[in-house]
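Trainee: I have a new model open and would like to go through it with you. Can we start with how you sort residues into classes?

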Amino acid sequence: MSRIYLNAFDMACVGHQSAGLWRHPDDQGHRYRELRYWTELARTLEDGGFDALFLADVLGVYDVYGGSRDAAVADAAQFPANDPTLAISAMAAVTERLGFGVTLSLTYEQPYALARRMSTLDHLTGGRVAWNIVTSYLDSAARNLGLDKQIPHDERYAVADEYLEVCYKLWESSWEADAVVRDPRRGVFTDPAKVHDIEHKGRYFTVPGPFLCEPSPQRTPVLFQAGASPRGVRFAAAHAEAVFISGPTPEIVRGPVRRLRATAAELGRDPRSIKVFAMVTPVVAETREQADDKLRSYREFVSAEGALALFGGWTGVDLAELDPDEPLRYVQTDANRSALASFTTADPDRTWTPRELADAIGIGGRGPVLTGAPGEIADELERWVAEADIDGFNIAYVTTPGTFTDFARLVVPELRRRGRVPETTTPATLREKLGGTGPLLPPDHPGAAFRR
């Protein structure tokens with residue numbers, strides 16, 4: 001039986017994927033400002049068998065729907081949102097095995113600064129950190145961070161390729177492994193001959209070096225990516241060690257997974273070394289009837305406007321003026337193309353209308369909602385693994401921390417009974433936890449080519 005990896009999918013905000021559910025009396029999303037919320041959640045996840053907490057992020061407000069930010073602001077649809085990195089050290093301090101994937105956009109931050117922040121987190125977590133590489137998709141972020149509009153979609157990936165090259169040079173080649181000698185007799189902490197300038201001069205970046213940080217446990221953090229466009233898939237196949245993908249059924253997800261693995265093989269990488277995570281939102285209870293009742297009660301709190309505000313931000317498409325029963329069609333934008341494709345072209349047998357879309361997105365966002373007793377949820381997860389050729393799941397919540405608590409209490413024991421989730425794991429770096437043979441990048445990864 002293959003191992004199933006589990007990430008909790010959250011964000012430093014009130015409402016992440018399920019629009020309007022912040023109003024549910026059991027939801028604690030408003031506590032996102034409290035450090036105790038995050039440390040309590042981290043302990044719950046580690047004790048509950050999760051491998052990592054995957055933190056999403058955006059740098060702008062969802063202001064496409066109706067040409068206004070009002071729907072997103074009123075409904076707390078990923079607004080307000082705090083910096084996702086700052087609670088990680090505290091969560092690491094109260095856990096030993098839980099990993100932390102953090103979303104950081106490379107479009108609005110110099111690689112020298114971002115590489116330093118990730119190395120710092122890798123040190124402070126003992127090698128338990130991953131970087132979810134994004135290029136950002138909101139025009140509102142671009143306007144507030146010094147640009148008139150977004151950089152065009154494919155050019156963002158050209159920037160990203162060079163950005164990663166800079167980071168690899170900083171992480172892998174600036175410091176030799178034995179540069180730190182800590183010799184009080186000679187009065188030498190670091191051997192100057194073993195710290196090197198990277199002397200990068202490219203199209204987008206000039207970074208002479210050297211790197212400010214000594215090598216961290218993983219050197220390069222685990223690299224996540226979620227691009228689903230042709231350009232995004234090629235970027236992920238080249239660089240990602242784990243890929244986050246969204247789709248309504250395993251049959252639809254299987255195609256992008258196949259393309260990803262084939263492209264990775266073409267680029268000389270082991271396609272099985274890339275762990276693929278699909279997003280699902282579980283609604284679980286002791287019996288199927290109780291789970292169905294729970295889902296019905298959740299639907300009473302769904303905000304259609306909040307859901308369509310999220311869709312507008314993801315896709316760049318404003319549905320406010322459309323007839324609610326008019327079928328949607330694909331249009332190309334510079335926003336998140338995978339989101340729009342998942343509701344227009346991914347399933348040739350399904351046509352969405354704005355009304356149906358709001359109802360579907362209202363619980364669980366872009367991924368499927370799995371409802372049932374523990375055995376039924378475990379069956380469905382196993383079906384996804386077998387049919388979509390994936391390795392694990394980003395578990396999204398309806399209410400927080402309730403969805404995570406229910407999953408840990410009810411589903412994880414069933415997965416353990418089936419040999420899909422280990423009873424216990426020993427402390428290790430996140431790369432090792434995800435199947436790596438050691439804490440460093442594997443030899444076939446392009447970043448390893450920069451290693452001295």
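Mentor: Ala, Val, Leu, Ile, Met, Phe, Trp, Tyr, Cys and Pro count as nonpolar, Asp, Glu, Lys and Arg as charged, and the others, Gly among them, as polar. Keep in mind that this is a predicted model.

Trainee: OK. How do the residues lining the second largest pocket divide by class?

Mentor: That lining has five nonpolar, five polar and five charged residues.

Trainee: Which residues lie nearest the centre of that pocket?

Mentor: Ser273, Gly435, Gly436, Thr437 and Pro442 do, out of 15 lining residues. The volume of this second largest pocket is about 270 Å³.

Trainee: What lines the largest cavity?

Mentor: Its lining consists of Ala226, Gly227, Ala228, Val233, Ala236, Val243, Phe244, Ile245, Pro256, Val257, Leu260 and Val276. Two or more of these residues come from each of α7 (230-239), β10 (242-245) and α8 (250-266).

Trainee: And by class, what is in the lining of the largest cavity?

Mentor: Eleven nonpolar residues, one polar and no charged.

Trainee: Let me zoom out. How many helices and strands does the chain have?

Mentor: There are 15 helices and 13 strands in the chain. The C-alpha trace spans about 70 × 50 × 45 Å along its principal axes.

Trainee: What radius of gyration does the chain have, and what would a compact globule have?

Mentor: The chain has 22 Å, and a compact globule of 452 residues would have a radius of gyration near 22 Å, so the two agree.

Trainee: Next, helix packing. At what angle do α10 and α12 cross?

Mentor: Helix α10 (residues 304-315) and helix α12 (residues 354-361) cross at roughly 95°, and their axes come within 8 Å. Angles of 65 to 115 degrees count as roughly perpendicular, so α10 is roughly perpendicular to α12.

Trainee: Which residues meet there?

Mentor: From α10, Ala304, Ala307, Leu308, Phe311 and Trp314; from α12, Pro354, Leu357, Ala358 and Ile361. The contact of α10 with α12 has nine nonpolar residues, no polar and no charged ones.

Trainee: Switching to the backbone. Where are there cis peptide bonds?

Mentor: One runs from Phe79 to Pro80, with omega near 0°. Another joins Gly209 and Pro210, where omega is about 0°.

Trainee: Where do the two prolines, Pro80 and Pro210, lie?

Mentor: Pro80 is in the loop between α2 (70-75) and α3 (88-93). Pro210 is in the loop between β8 (206-207) and β9 (222-225).

Trainee: What about the phi of Arg182?

Mentor: Arg182 is not a glycine, yet its phi is positive, about 50°. Arg182 sits in strand β5 (residues 180-183). Most residues other than glycine have a negative phi, and most peptide bonds are trans.

Trainee: Last one. Where is Tyr108?

Mentor: Tyr108 is in the loop between β3 (99-105) and α4 (111-124).

Trainee: What is Tyr108 in contact with, leaving aside neighbours within four places in sequence?

Mentor: Leu59, Ser136, Leu138, Ala141, Ala142, Leu145 and Leu147. For Ala142, the C-alpha to C-alpha distance from Tyr108 is 8.1 Å, and the two are 34 residues apart in sequence.

Conventions:
Residues numbered from 1 in each chain as written. Predicted model: local features only at pLDDT ≥ 70, side-chain atom pairs only at ≥ 80, totals over all residues. Heavy atoms only, no water. Axes fitted to C-alpha atoms, helices over the stretch in contact; angles between N-to-C directions. Helix = DSSP H or I, 4+ residues; strand = E, 2+ residues; numbered from the N terminus. Parallel < 35°, antiparallel > 145°, perpendicular 65-115°, else oblique. Contact = heavy atoms within 4.5 Å. 1 Å grid on protein atoms, 1.4 Å probe; cavity = no way out; pocket = protein on both sides within 12 Å on 5 of 7 lines; lining within 4 Å. Points joined across faces, edges and corners; volume = space filled by probe spheres on them. Rg over C-alpha atoms; globule rule 2.2 N^0.38 Å.
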